[in-house]
Every structure is written in C-alpha cells, then in structure tokens.
Amino acid sequence: MIDKAGTFPLAGRSVKRMGYGAMQLAGPGVFGPPRDLDQALAVLRAAIAAGVNHIDTSDFYGPHITNRLIREALSPYPDDLLIVTKIGARRGEDAAWLPAFEPDELARAVEDNLTNLGLEALDVVNLRLMFDVHGPAEGSLAAPLKAIADLQRQGLVRHIGLSNVTPAQFEEARGIARIVCVQNQYNLAHRQDDALIDMLATEGVAYVPFFPLGGFNPLQSLALFHVAERLSATPMQVALAWLLQRAPNILLIPGTSSVAHLHENLIAASLTLPDDAVAELNAIG
C-alpha cells in the first residue's frame, strides 16, 4: 500500500516516502511511559509489517522511552530500516524542553541514543536547534554542528541532518558538514518553508515535515473537510496526501499510538488528489 507513494534517497538508502514518527509512543506531553505498553509495541511492529522503513525518534522523547520501545519491538532490526534520531535538547524534571548544545551534552545524547536503541552507530542524527522551542529562530549553529561532525568522524554518527532551522542556518551548516535532511514544521496551514522545500528538492535533500497533521492542535478547515468528503477519505488522509504531492523530496513521519490510526494514515500513500482539490487545498495556506 505505501509503495504507491514512491521512495526518495536518504542517507544512502532508498526510503519509502511514508514513514512513522515515534514521539506519540511516550506518555502525555511526550513524558514518561506509554499508557498502554503492549499497544505501543504493537504499533511499531504493525508499521514494519506494513512496509515502513523509516522511523523517526529521539532519546529525549520520554526521555529514553521511545528508543527503548523501538529496541524491544524491532531489534534485531530489518536490514532496510533507517532510524533517524535527533539531539540538541533535553527534558527537565518538570517535562520542559531545554537546549543541550554543549559538546559534552551532544556526545552524551549520542551515547544515550546508541545504548537505548542498541546500535553501534546512528544512521542519521538531526541537530535540533533550540534558539526558540516553538519554531526556527536565527543564530549560529556552527559550534554544536562541529561537535556532531566530530562524532561523525569517530564513527558514532553516519549522516547529519537539521531540525527547526532557517534557510540561512541550512546554508551555514552545509559549509561545515554534508546535510542529508531537514526536519521542520510544515503542513497545509503552516507553509513558511515553501521556498526552502523547493530549494532542497533541487539539491536532492530530503525534507521531513513534523506536525504534518497540525501537531497538538490538529488541522481544522472546511475546505479540507469538503475535499475529504468528495474523495471518500478522512481529512487527515487528504492532508497527508497533499504533502506527498507537494514535492518529491518530502518524507512523511506521521505519529500515532494506535494501530487503527496507523493504518488509516498509511492509506494516504495510495490517495491521489485531483488538480481541483490540490488548488482548493493550496488556498488554505
């Protein structure tokens, strides 16, 4: 089913464009253990069974929770599975999201990801910038990125990506290291990265939108509802299908803690939106 959306190269792999994001497997507020451990493990196994070969995670989800779940559910890992993680933040005791940019913090984060995932090297590590926790904000990423590049030279990190970044920060970054992907917030209603997506497509760099369905505030639009009704699909399936048709370098990682919702999301890979629907949806942003 998800093969219909095609693939895009990431980190030397041919990655299916419909993947899975593990953030929602942790407890409320992405903090603490899941409400239902067996269901969390079942979601991960169902994703792999459905053909997903790209999972997004981080050791600051929980913290440590989602990576340990991934290891328990999926290790030994399928040969074609690409696990992408991110560092640059940590969780406070009150569940706050805090920056963790110092070289020793980044090194510790890589070690924690390796330990909890049960890996000897991380396929892709995204540097998650925290100049503003709510969205991209300007500031030099040179110091933390050079620290990650050093970990790459040590063989602990194979490829480097960026998260929550501006176009200027991307340009700064690729003067320091090869960047294989960018992970920013983007969806039907949050379109600030339109130009960046198009530029990355010409460069062959993957763009991975987080909150593709709106995140903690799900997308709500009469236009989206009406298009979904005409196509006998759900609004969320249409929103995901729009992203897949938006640009060939977009890789999706919708998250869920429900097997039924997982399968509902994956159906979007086989949904083709007609031109009039795309035009109507484009107007939302």
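Reader: How much space lies in the largest cavity?

Author: The largest cavity holds about 30 Å³ of space. This is a predicted model, in which local features need pLDDT of at least 70 and side-chain atom pairs count only at pLDDT 80 or more, while totals for chains, interfaces and linings use all residues. Residues are numbered from 1 along each chain as its sequence is written, and side-chain values use heavy atoms, with hydrogens and water left out.

Rolling a probe the size of a water molecule over the atoms shows where empty space is left. A cavity here is a set of points, on a 1 Å grid over the protein atoms alone, where a 1.4 Å probe fits but cannot get out; the points are joined across faces, edges and corners, and the volume is the space filled by probe spheres set on them. By this rule there is one cavity of 30 Å³ or more.

The lining of the largest cavity (residues with an atom within 4 Å of a point) consists of L10, H54, D56, V84, N126, C181, Q183 and V208. By class, four of these are nonpolar, three polar and one charged (Ala, Val, Leu, Ile, Met, Phe, Trp, Tyr, Cys and Pro count as nonpolar, Asp, Glu, Lys and Arg as charged, the others, Gly among them, as polar). At least two lining residues come from each of strand 4 (54-56) and strand 10 (179-183); strands are DSSP runs of E with at least two residues, and helices are runs of H or I with at least four, numbered from the N terminus.

K86 is in strand 5 and D56 in strand 4, so the pair ties together parts 30 residues apart in sequence. The structure holds 13 salt bridges.

Strand 10 is joined to strand 11 by two bridges, and V182 stands opposite Y207 of strand 11.

Note on methods
1 Å grid on protein atoms, 1.4 Å probe; cavity = no way out; pocket = protein on both sides within 12 Å on 5 of 7 lines; lining within 4 Å. Pairing = 2+ DSSP bridges. Salt bridge = Lys/Arg side-chain N within 4 Å of Asp/Glu carboxyl O.
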